[in-house]
Amino acid sequence: MSDPMNVLAPEHRRLRIGDAWRDAASGATFAVEDPATGKTIAEVADADVVDGLAALDAASTAMAEWAATPPRKRSELLTATYRALAERSEEVARLITLEMGKPLAEARGEVAYGAEFFRWFAEEAVRVEGRYSTAPAGGYRILTVPKPVGPCVFVTPWNFPLAMGARKIAPALAAGCTTITKPAAQTPLTMLFLARIMEEVGVPPGVVNVVTTKRAGEVVSALLADSRTRKLSFTGSTEVGRVLLRQAADNVLRTSMELGGNAALIVCADADLDVALDGAMVAKMRNIGESCIAANRIYVEEPVREEFTARFAERMGALSVGHGLDDGVDVGALIDEASVTKIDELVADAVDRGARVLVGGERPDGPGHFYPPTVLVDVPEDARMLEAEIFGPVAPIISFTSDDEVMAKANNTEHGLAGYIFTRDLQRALRFAEGLDTGMLGINRGLISDPSAPFGGVKQSGIGKEGSHEGIREYLDLTYVAIDLP
């Protein structure tokens with residue numbers, strides 16, 4: 001097995017600020033571990049407030065020139081980034097697996113997905129338009145002028161260390177904004193590699209800054225308190241999102257928040273069970289279940305509950321668990337010990353309340369942060385896993401007998417990010433589409449993420465949209481100009 005760390009030289013494990021790779025002002029570093037072994041794979045710079053503000057200095061200095069850069073030039077740089085990621089896909093994928101834990105095949109999929117954001121927004125960069133019209137009462141003209149909002153602060157999660165950064169950086173650059181990204185401390189290496197790639201393709205200094213830190217709270221708070229910051233985009237838990245929204249309110253920042261989920265996956269009796277099983281496996285097990293849009297609760301209509309459950313449990317039990325870089329592995333390591341402990345506690349709670357484990361349910365001995373694919377049935381309504389975001393390979397199955405019943409249960413959550421419905425009845429599907437409180441819904445498919453589609457939730461799952469035509473608007477202000485013209 002070749003060493004994926006060979007692609008990221010020691011000088012590129014430091015902070016990327018302006019035109020330089022530099023150590024933290026304090027000289028501090030922190031360790032990044034391989035979650036499959038628990039062993040340290042790298043030391044990276046541990047920024048403090050001084051470093052964060054230095055990155056904001058760089059982003060602010062570069063802002064005017066980048067905003068004035070012709071859209072075509074910005075587009076070409078984004079296209080070059082897309083091509084570089086495609087050419088270096090294997091290197092990036094192996095790095096993702098090493099620091100995050102997902103199987104290599106899934107990491108390759110993330111690279112392809114993340115790269116597409118650069119291609120999509122390269123195309124959007126040259127299509128930012130205002131309008132010119134006659135005022136309804138006559139006498140003057142109305143001109144609207146879109147402008148970049150300004151320097152942006154991004155806080156990205158560990159579960160998709162490339163794609164979540166790409167989903168923010170690409171539209172920001174397309175709109176003419178400069179950026180500061182604070183990646184998750186568990187997975188900083190992939191974002192540093194992306195910054196290196198963007199430097200190599202010619203993105204100007206100060207446009208893409210990366211600040212790695214274990215002191216996220218104090219560094220991000222200082223950035224949000226500085227009046228030069230004009231936009232915050234965060235992907236992560238609802239709990240942290242609420243804190244950041246309160247901080248962003250002091251300077252009335254533009255915000256995009258992609259927060260927690262509690263997706264219901266509903267299998268109706270009239271569904272094609274082969275399609276439903278394929279969709280459920282993807283919706284539950286993509287990214288080891290460590291996804292905000294993962295199927296958190298699986299509701300199966302009573303006439304097909306027994307067959308669906310047996311077949312689903314068989315498929316879950318057949319998945320192989322191991323190091324993500326090993327051949328034939330379906331399920332890699334979870335991100336850290338806290339994640340494994342949380343999942344173990346959720347399973348124990350459900351069992352204590354009467355649930356039965358059909359597959360899995362016990363963490364293995366040995367090194368690494370592993371948990372086996374697990375299926376539970378007879379899960380009671382008061383089980384904590386039906387309220388908490390599981391974020392792992394655990395699937396609770398609950399039966400239902402009517403659409404009204406399951407609609408009410410699916411909506412009985414503070415979250416509203418995604419949902420899934422499997423049925424061959426078009427009218428039934430459309431009733432669910434209109435009745436479920438979600439920002440996204442998959443009908444007869446378990447994979448819904450796409451750079452060309454608007455990603456985002458309702459209720460306490462977030463604010464704003466990422467991807468699609470809507471994604472670039474999150475980085476644009478609109479100036480209205482009234483022009484006197486009788």
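At what angle do the axes of helix 2 and helix 4 cross, and within what distance of each other do they come? In this predicted model, the axes of helix 2 (residues 71-87) and helix 4 (residues 104-125) cross at roughly 165 degrees and come within 8 Å. Because an angle over 145 degrees counts as roughly antiparallel, helix 2 is described as roughly antiparallel to helix 4.

**Helix 2 and helix 4**

- The crossing of helix 2 and helix 4 is left-handed.
- On the side of helix 2, the contact is made by Pro-71, Ser-75, Leu-78, Thr-79, Thr-81, Tyr-82 and Leu-85, and these residues meet Val-111, Ala-115, Glu-116, Phe-118, Arg-119, Phe-121, Ala-122, Glu-123 and Ala-125 of helix 4.

**Aromatic pairs**

- The structure contains four aromatic pairs, and one of them is the edge-to-face pair of Phe-154 and Tyr-475, whose rings lie 6.0 Å apart centre to centre with 90 degrees between their planes.
- Phe-154 belongs to strand 7 (residues 152-155), whereas Tyr-475 sits in the loop between helix 14 (468-473) and strand 20 (476-484), so the pair ties together parts that are 321 residues apart in sequence.
- Both partners are buried, since the relative accessible area is 0% for Phe-154 and 2% for Tyr-475, and the cut-off for calling a residue buried is under 20%.
- Phe-308 and Phe-312 form an aromatic pair that is stacked, with 5.6 Å between the ring centres and 10 degrees between the planes.
- Phe-308 and Phe-312 are both found in helix 10 (residues 302-317), and because they are four residues apart there, about one helical turn separates them.
- Phe-308 and Phe-312 are each buried.

- Val-359 is part of strand 14 (residues 356-359), and with a relative accessibility of 17% Val-359 counts as buried.

Methods. Residues are numbered from 1 along each chain as its sequence is written. This is a predicted model: local features need pLDDT of at least 70, side-chain atom pairs count only at pLDDT 80 or more; totals for chains, interfaces and linings use all residues. Side-chain values use heavy atoms; hydrogens and water are left out. Helices (H or I, at least four residues) and strands (E, at least two) are DSSP runs, numbered from the N terminus. Buried means under 20% relative accessible area, exposed over 50%, partly exposed in between (1.4 Å probe, protein chains only). Axes are lines fitted to C-alpha atoms, for helices over the stretch in contact, and angles run from 0 to 180 degrees between N-to-C directions. Angles under 35 degrees count as roughly parallel, over 145 as roughly antiparallel, 65 to 115 as roughly perpendicular and the rest as oblique. A crossing is left-handed if the near helix is turned anticlockwise from the far one by less than a right angle, and right-handed if clockwise. Contact means heavy atoms within 4.5 Å. Rings of Phe, Tyr and Trp (its six-membered ring) pair if their centres lie within 6.5 Å; planes under 30 degrees apart count as stacked, over 60 as edge-to-face and the rest as tilted.
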